[in-house]
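Trainee: I am new to this structure and would like to understand how its elements are described. May I put some questions to you?

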Amino acid sequence: DPALTFISGDDRAPAVASLVPTEVDLLFIDTTHELAHTAVELAVYGPRVRAGGLIVVHDSELDGVWWAMRDLWRRRGVEWREWRESHGLVVMTV
């Protein structure tokens with residue numbers, strides 16, 4: 001069982017989502033930066049992060065990414081820290 005697996009495809013597609021394990025320790029998001037796309041990624045893959053795991057999101061200063069993350073914070077009450085340098089990086093502890 002490899003520690004890291006590369007999967008190429010539209011991450012919103014059920015066929016791609018089915019290839020991702022149901023439990024992960026780390027979720028890293030840095031894709032289209034659009035609100036709808038980022039919200040789907042967080043909704044589909046966020047629940048797969050184990051308790052104590054991390055969700056890392058790049059480009060947090062962009063509106064679409066920011067609003068999708070804020071929705072996740074409200075729903076799940078995750079703890080987070082943001083670094084604004086280098087376009088913004090948010091690390092959320094689930």
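Trainee: In which sense do β2 and β4 pair, and over how many bridges?

Mentor: This is a predicted model. In it, β2 and β4 pair in the antiparallel sense over 5 bridges. At least two bridges are required for two strands to pair, so β2 and β4 qualify. Among the residues involved, valine 57 has valine 90 in β4 as its bridge partner.

Trainee: What is the order of the strands in the open sheet?

Mentor: The 4 strands follow the order β1-β2-β4-β3, and their pairing is mixed.

Trainee: What makes β1 and β3 edge strands?

Mentor: Each of them pairs on one side only.

Trainee: How do you know that the span of helix α3 agrees with its number of residues?

Mentor: The helix has 14 residues, 63-76, and at 1.5 Å a residue these should span 20 Å; the end C-alpha atoms are 20 Å apart, which agrees.

Trainee: Which residues of α3 are called buried?

Mentor: They are Gly64, Val65, Ala68, Met69, Leu72 and Trp73. The term applies because each has under 20% relative accessible area.

Trainee: Against which elements do the buried residues of α3 pack?

Mentor: They pack against α2 (35-45), β2 (49-58), β3 (79-83) and β4 (89-93).

Trainee: What follows α3?

Mentor: Glycine 77 follows α3, and its phi is positive, near 65°.

Technical notes: Residues numbered from 1 in each chain as written. Predicted model: local features only at pLDDT ≥ 70, side-chain atom pairs only at ≥ 80, totals over all residues. Heavy atoms only, no water. Expected span 1.5 Å × (residues − 1). Buried < 20%, exposed > 50% of the residue type's maximum accessible area, 1.4 Å probe, protein only. Contact = heavy atoms within 4.5 Å.
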